[in-house]
Amino acid sequence: MPAFAHHVSAIDDQFHRMPENSPFWSESAQFTCYDEASGVAAYVHWGLLGREIWEALSALYLPNGEIMVSRTFAPRLEGESMRTGEAEIYPVVPLESWRMRYDGVARRVLMADLATGPLTDGPTERVKVDLIGTATTPAFGKGARHKMETADHNLAVSGSGIHIEQSTQVTGSVEIHGEAIHFNAVGHRDHSCGPRHNSHMWRESWVNGTFPDGRIFHCVQVFVTGRPVYFMGYVWRGTEFLPVTDYSGPLLTGTLGEPRDFTISFNCEGRREQIVGELLGALPITLMPQGMYPGTLNREVGLACEGPARWVWDGQVGYGWIERVFSRGGWPQIRAQDARAAAKTRP
């Protein structure tokens, strides 16, 4: 593996001490991968609830339309990694590799069932996951030493804190009922911390893909009321990050990840690139004031959908991930809600 010139420092990619005077402070990590040989994908998202409790949302996507899901919690301990009784994620070598482990049980349900209702209690099955994602690109993003005059200060995307994106090669094993599946997968991760408040984020598109010739792309676009559209992205061809502009990506329109076939496009090196995507699995998630819940709880609140994707770029097939967020309404509706809320508080 080449010695990468990372955008951020190794300290940025470690866990961070919580400041006392930042009420919206949070830290999160996401780890995704898809193993083409087995058709199984793995996903975990870590978030901090109320500055005190880790929430780990974990899933294994099966090629038959089923998904194995769990949501676990544990108090945050200063200086400790993200860990619950069943799940754990931590850097092996900051900026170079992260490990995701799960040793517990999960609910096996149909992805389609989660599109019509919340994950319910019921029978569970034994699951073990032990995966390591090793960098295939430098760590891309913004670190603590980022020049503050160029920071976007957008509370919906980790504010003026740290935001790291990185594509990976994932190896290890997934064990279901004692049967081991050995992964050699493509993946992606992000790690962020800083002040965050998502109440006015009403659309988001987070995509990435890795191809056999070594080309990798990543783009994230966030629509936030009252602020410019946020964008971060790159194309990697093995030597340097190539800048991406004028990104256009798929937005979420349904509870099962619709549209499930889509095209993304962007400008890179003076050329308009088009990449055709297909969603290979869907985990609908309800965005709650405190954390995320698997399935569709209430169509009136925010909805996210996570899933592996198959991409075709210039005739070449690659794999990666797509995450999209939908909040009911949009700019006019949210502004109207704000106006009504303000009127109620006036004397």
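1. In this predicted model, Trp236 counts as buried, since its relative accessibility of 6% falls under the 20% cut-off. Phe4, with a relative accessible area of 13%, is buried as well.

2. Phe4 and Trp236 form an edge-to-face aromatic pair, with 5.9 Å from centre to centre and 80° between the planes. Phe4 belongs to the segment before strand E1 (25-35), whereas Trp236 lies in strand E14 (residues 230-236), so the pair ties together parts that are 232 residues apart in sequence.

3. The count of aromatic pairs comes to 18. Elsewhere in the chain, ring pairs link Phe211, Phe217, Phe262, Phe266, Trp311 and Trp313 into a cluster, and the charged end of Arg215 sits over the ring of Trp313, at 4.3 Å from its centre.

4. A search of the whole structure finds 2 cavities of 30 Å³ or more. The largest holds about 80 Å³ of space, and of the 13 residues that line this cavity, Ser58, Ala59, Leu60, Tyr102 and Val129 are the closest to its centre. Strands E2 (40-49), E3 (53-61), E4 (66-75), E7 (97-110) and E8 (125-135) each give two or more residues to this lining, which by class has 11 nonpolar, 2 polar and no charged residues.

5. The second largest cavity holds about 40 Å³ of space, and its lining includes Ser167, His188, Asn208, Thr210 and Tyr319. Phe217, a member of the ring cluster, is also one of the lining residues here. Two or more residues come from each of strands E11 (179-195), E12 (201-210), E13 (216-224) and E22 (316-326), and the lining divides into 4 nonpolar, 7 polar and no charged residues.

Methods. Residues are numbered from 1 along each chain as its sequence is written. This is a predicted model: local features need pLDDT of at least 70, side-chain atom pairs count only at pLDDT 80 or more; totals for chains, interfaces and linings use all residues. Side-chain values use heavy atoms; hydrogens and water are left out. On a 1 Å grid over the protein atoms alone, a cavity is a set of points where a 1.4 Å probe fits but cannot get out, and a pocket is an open set with protein on both sides within 12 Å along at least five of seven lines; lining residues have an atom within 4 Å of a point. Grid points are joined across faces, edges and corners, and a volume is the space filled by probe spheres set on the points. Helices (H or I, at least four residues) and strands (E, at least two) are DSSP runs, numbered from the N terminus. Ala, Val, Leu, Ile, Met, Phe, Trp, Tyr, Cys and Pro count as nonpolar, Asp, Glu, Lys and Arg as charged, and the others, Gly among them, as polar. Rings of Phe, Tyr and Trp (its six-membered ring) pair if their centres lie within 6.5 Å; planes under 30 degrees apart count as stacked, over 60 as edge-to-face and the rest as tilted. Buried means under 20% relative accessible area, exposed over 50%, partly exposed in between (1.4 Å probe, protein chains only). A charge sits over a ring if NZ of Lys or CZ of Arg is within 6 Å of the ring centre and within 35 degrees of the ring normal.
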